[in-house]
Amino acid sequence: MMKGCFRTDRIVRALHQLEHFQTGTRGVTRAFRRPAEFIDSGVHPRPSYPIGCFLLAAGGSGANVAAMPATSRRTSVFTESLIREMTRVAQQHGAINLAQGFPDTDPPASLVAAAKAAMDAGRHQYAITWGSPELREALAAKLTRYSGLPVDPQRELVVTCGATEAMMVAMMTVCDPGDRVGLFSPFYENYNADAILTGATPVHVPLQPPGYGFDPAQLRAAFASGLKAFVLCNPSNPTGRVFTRDELGQIAALAEEFDTFVITDEVYEHIVFDGRKHVTFATLPGMAKRTLTCSSLSKTFSITGWRLGYVHAPAEIIAQARKVHDFLTVGAAAPLQHAVVTALGYGPEYYVQLAAEYAAQRDILCGYLDQTGLAYTRPEGAYFVMLDISPFGRASDIEFSHWMAREIGVAPVPGSSFFPEPENRFVRLNFAKRPTTLHAAGERLLRLKRG
Ligand SMILES: Cc1ncc(COP(=O)(O)O)c(C=O)c1O
């Protein structure tokens, strides 16, 4: 067993081809299923928290180990995103990509026209670092219109490169190294990485499948353990939960009692089904002063590649967040900031239609899943389904996902990438695809039908 400086990132990357590694490559001596096992093994010199995947230590010939200075520990203990990895696997096998959550439809034509116009109008240089004034005005008006949240566009908003940057900015703004950050598990895989990069320790509160509710006692215990911040994804990726006002009230009460920041990820705020209503957490009594609301224009306007998001919080917090954002990215793309003002002016019918279209797409995918006889969670919001693959009895969901992309022709995300626990029985499928794509995928999924 090798100890000390080796390229953990390479080893971790190799794990995605675990099958091939075990059969074809010399030098792999041991596999670890749990992050804790890996840490306890002493292979890595400091406890840290890898994102759910297999971890291996290389030894023997050391064929995969480069002799070079070590990169930082914090970057070596988490893997590349398994979600993005599965997009590459889908391409490799010509599979339909139901892994990474992005729509295969175009944004509204008027929005695309506005982007072209912004280019023609010469909007090519940096916008104001924390967002162009027009965009902040439009965001503030839209937030107030749809959630009732009063927003000061001058002092309470920072425009970011998507919610991805917004979440990182929020965490770095409120947490110091060593702080504890609570989050539900399963969780959107970025949050663990955000915590590690901030130097904070994630504290997981399990949601129980298939309904993905939380146990109030476990939630209280997490808050009581001394959380600096609690991360709330609502509507939730990957569970599809839309937390009720009552559930949110319980979180709010604990945040108040234990004086904890709440960092929300509300990128799916407009994708909710069956008459449910998304509640913006900061609108709950007393929560505006301790909530950093992160959201995105990616999903709402089908512009995931434009990289536009924001953080809203009280002015004193945003003053700090703007500095973090400034030194991370300087700013989001100026012409696209200008263009998206058009979309923020759309009326309520736009959002009604968006939710209706996604509900129809959910029904197409779920209709095929019903025919397979496999158990799955019907989402209340967002655009993901957790499919239970335990009847297949496979050793790992990662191996199952590669097999599914190769043999069934549909690429999912291994569920373990959302769990800190050794959870191996789910894959996640997304239905942010046009009906023809979903029907084509559904026909292939029927091959999963059991006996
Ligand atoms: C819960 C959640 N947050 C954030 C993001 C990323 O959003 P953005 O494109 O705005 O960075 C995603 C994308 O899948 C997501 O599912």
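Colleague: How do H8 and H12 lie to each other?
Modeller: H8 and H12 are oblique to each other (under 35 degrees is roughly parallel, over 145 roughly antiparallel, 65 to 115 roughly perpendicular, the rest oblique). This is a predicted model, where local features need pLDDT of at least 70, side-chain atom pairs count only at pLDDT 80 or more, and totals for chains, interfaces and linings use all residues. Residues are numbered from 1 along each chain as its sequence is written.

Colleague: What angle do H8 and H12 pack at, and how far apart are their axes?
Modeller: Helix H8 (residues 162-174) packs against helix H12 (residues 315-329) at about 125 degrees, and their axes are 9 Å apart. Axes are fitted to C-alpha atoms over the stretch in contact, with angles from 0 to 180 degrees between N-to-C directions. Helices (H or I, at least four residues) and strands (E, at least two) are DSSP runs numbered from the N terminus.

Colleague: Which residues of H8 and H12 meet?
Modeller: From H8, Glu-165, Val-169, Ala-170, Met-172 and Thr-173 take part. They meet residues of H12 including Ile-317, Ala-321, Val-324 and Leu-328. By class, the contact of H8 with H12 has 7 nonpolar, 4 polar and 1 charged residues. Ala, Val, Leu, Ile, Met, Phe, Trp, Tyr, Cys and Pro count as nonpolar, Asp, Glu, Lys and Arg as charged, the others, Gly among them, as polar.

Colleague: What about H6 and H13, at what angle do they cross?
Modeller: Helix H6 (residues 109-120) and helix H13 (residues 334-344) cross at roughly 145 degrees, and their axes come within 8 Å. The residues in contact include Leu-111, Ala-114 and Ala-118 of H6, with Leu-336, Ala-339 and Ala-343 among those of H13. Contact here puts the C-beta atoms, placed from the backbone, within 7 Å. This pairing has 10 nonpolar, 3 polar and no charged residues.

Colleague: Which residues does Trp-306 touch?
Modeller: Not counting residues up to four places away in sequence, Trp-306 touches Ala-333 and Leu-336. The C-alpha atoms of Trp-306 and Leu-336 are separated by 6.8 Å, though the two are 30 residues apart along the chain. Trp-306 lies in the loop between strand E10 (291-296) and strand E11 (309-312).

Colleague: Is Trp-306 buried or exposed?
Modeller: Trp-306 counts as buried because it has 23 C-beta neighbours inside 10 Å. A residue is buried with 20 or more other C-beta atoms within 10 Å of its own, exposed with 12 or fewer, partly exposed in between.

Colleague: Where is Asn-424 found?
Modeller: Asn-424 is in the loop between strand E14 (413-414) and strand E15 (426-430). It is buried, with 20 other C-beta atoms within 10 Å. Leaving aside neighbours within four places in sequence, Asn-424 contacts Ser-396, Asp-397 and Ser-416.

Colleague: How many residues of H9 are buried?
Modeller: In helix H9 (residues 190-198), 8 of the 9 residues are buried. Those buried residues pack against helix H4 (73-76), H8, strand E5 (180-185), strand E6 (201-208) and strand E8 (227-233). After H9 comes Gly-199, with a positive phi near 90 degrees.

Colleague: Last one: how many helices and strands does the chain have?
Modeller: The chain has 16 helices and 15 strands. Of its 451 residues, 50% count as buried.

Key:
Contact = placed C-beta atoms within 7 Å.
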